[in-house]
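I am opening my notebook on a structure that is new to me, and I want to write down what I looked up, entry by entry.

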Amino acid sequence: MTAAFILSELQSVGTPEKAVHLSRFFKTGPGQYGEGDLFLGVVVPQTRSIAKANKATPFDELQLLLDSPWHEARLCALLILVYRFQDRKAMPEEREAIFLFYLKNMRRCNNWDLVDLTCRDIVGEYLVDKDRSLLYRLAESENLWEQRISIVSTWAFIRRNDFGDTLELSERLIGHKHDLMHKAVGWMLR
């Protein structure tokens with residue numbers, strides 16, 4: 001399971017027409033929030049399937065995917081991390097390693113889908129029974145995606161009827177200038 005193999009799998013199911021559509025949908029034009037991101041034209045269900053089939057991919061190969069200019073390569077690597085984290089056989093040390101690897105690569109979570117499909121199941125789940133000050137530091141970040149990770153990660157707590165951090169972070173982020181943060185805060189409050 002190598003990055004090259006996974007990328008070839010993604011390329012084999014992508015289409016140029018879908019790539020054009022995804023580029024518009026994820027706002028990749030000049031000055032837009034996804035400026036410069038590149039797409040292969042792979043839909044999420046196909047990416048999930050490839051990720052599940054390659055769940056054992058080592059971190060060094062996942063790093064190559066996360067460093068890729070292709071959006072779907074980064075998504076696939078992040079989904080592999082989610083599936084490994086969710087594996088019932090995963091030991092606490094492995095979950096911690098996945099969490100730390102995710103944090104190291106947050107800069108690669110540079111669009112709302114990359115954040116929303118992964119942070120709850122890695123960051124949120126990891127912090128359920130731990131200190132959550134990281135979320136408050138992320139909320140204070142200058143990076144839109146780190147801010148979004150802070151609030152969307154609380155979804156893991158909401159699922160357990162634990163609303164305190166969601167409400168606190170919502171108060172801090174409700175006046176954010178970007179509509180993607182308004183949507184994320186509103187989503188968690190609902």
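**Entry on the model.** I note before anything else that this is a predicted model, and I read every value below with that in mind.

**Entry on α8.** I looked up how enclosed helix α8, residues 119-127, is, and found that nine of its nine residues are buried, so the rest of the structure largely encloses it.

**Entry on α5 against α8.** I took one of these pairings further, having reminded myself that two packed helices are described by the angle between their axes and the distance between the axes. For α5 and α8, the axes come within 9 Å and cross at roughly 40°, and the two helices are therefore oblique to each other. On the α5 side I wrote down Leu78, Leu81, Val82, Phe85 and Gln86, and on the α8 side Asp121, Ile122, Glu125 and Tyr126, as the residues that make the contact. Sorted by class, this contact of α5 with α8 has six nonpolar, one polar and two charged residues.

**Entry on α10.** In helix α10, residues 144-152, eight of the nine residues are buried, so this helix too is largely enclosed by the rest of the structure. Among the buried ones I noted Leu144, Trp145, Arg148 and Ile151. At its N-terminal end I found a cap, Asn143, with a side-chain oxygen 2.8 Å from the backbone nitrogen of Trp145.

**Entry on the core.** The largest nonpolar core has 54 residues, and Leu10, Tyr102, Leu127, Ile149 and Ile151 are those with the most contacts inside it. The helix that gives the most to this core is α5, with eleven residues.

**Entry on two loop residues.** Most residues other than glycine have a negative phi, and I therefore marked the exceptions I came across. Lys27, in the loop between α2 (16-25) and α3 (44-53), has a positive phi of about 50°, and it counts as partly exposed at 35% relative accessibility. Asn161, in the loop between α11 and α12 (164-173), has a positive phi of about 60°, and at 62% relative accessibility it counts as exposed.

Notes
Residues are numbered from 1 along each chain as its sequence is written. This is a predicted model: local features need pLDDT of at least 70, side-chain atom pairs count only at pLDDT 80 or more; totals for chains, interfaces and linings use all residues. Side-chain values use heavy atoms; hydrogens and water are left out. Buried means under 20% relative accessible area, exposed over 50%, partly exposed in between (1.4 Å probe, protein chains only). Helices (H or I, at least four residues) and strands (E, at least two) are DSSP runs, numbered from the N terminus. A polar contact is a pair of N or O atoms within 3.5 Å; within protein, one must be able to donate a hydrogen and the other to accept it, and residues adjacent in sequence count only if both atoms are side-chain atoms. A nonpolar core is a set of buried Ala, Val, Leu, Ile, Met, Phe, Trp, Tyr and Cys residues joined through side-chain atoms within 4.5 Å. Axes are lines fitted to C-alpha atoms, for helices over the stretch in contact, and angles run from 0 to 180 degrees between N-to-C directions. Angles under 35 degrees count as roughly parallel, over 145 as roughly antiparallel, 65 to 115 as roughly perpendicular and the rest as oblique. Contact means heavy atoms within 4.5 Å. Ala, Val, Leu, Ile, Met, Phe, Trp, Tyr, Cys and Pro count as nonpolar, Asp, Glu, Lys and Arg as charged, and the others, Gly among them, as polar.
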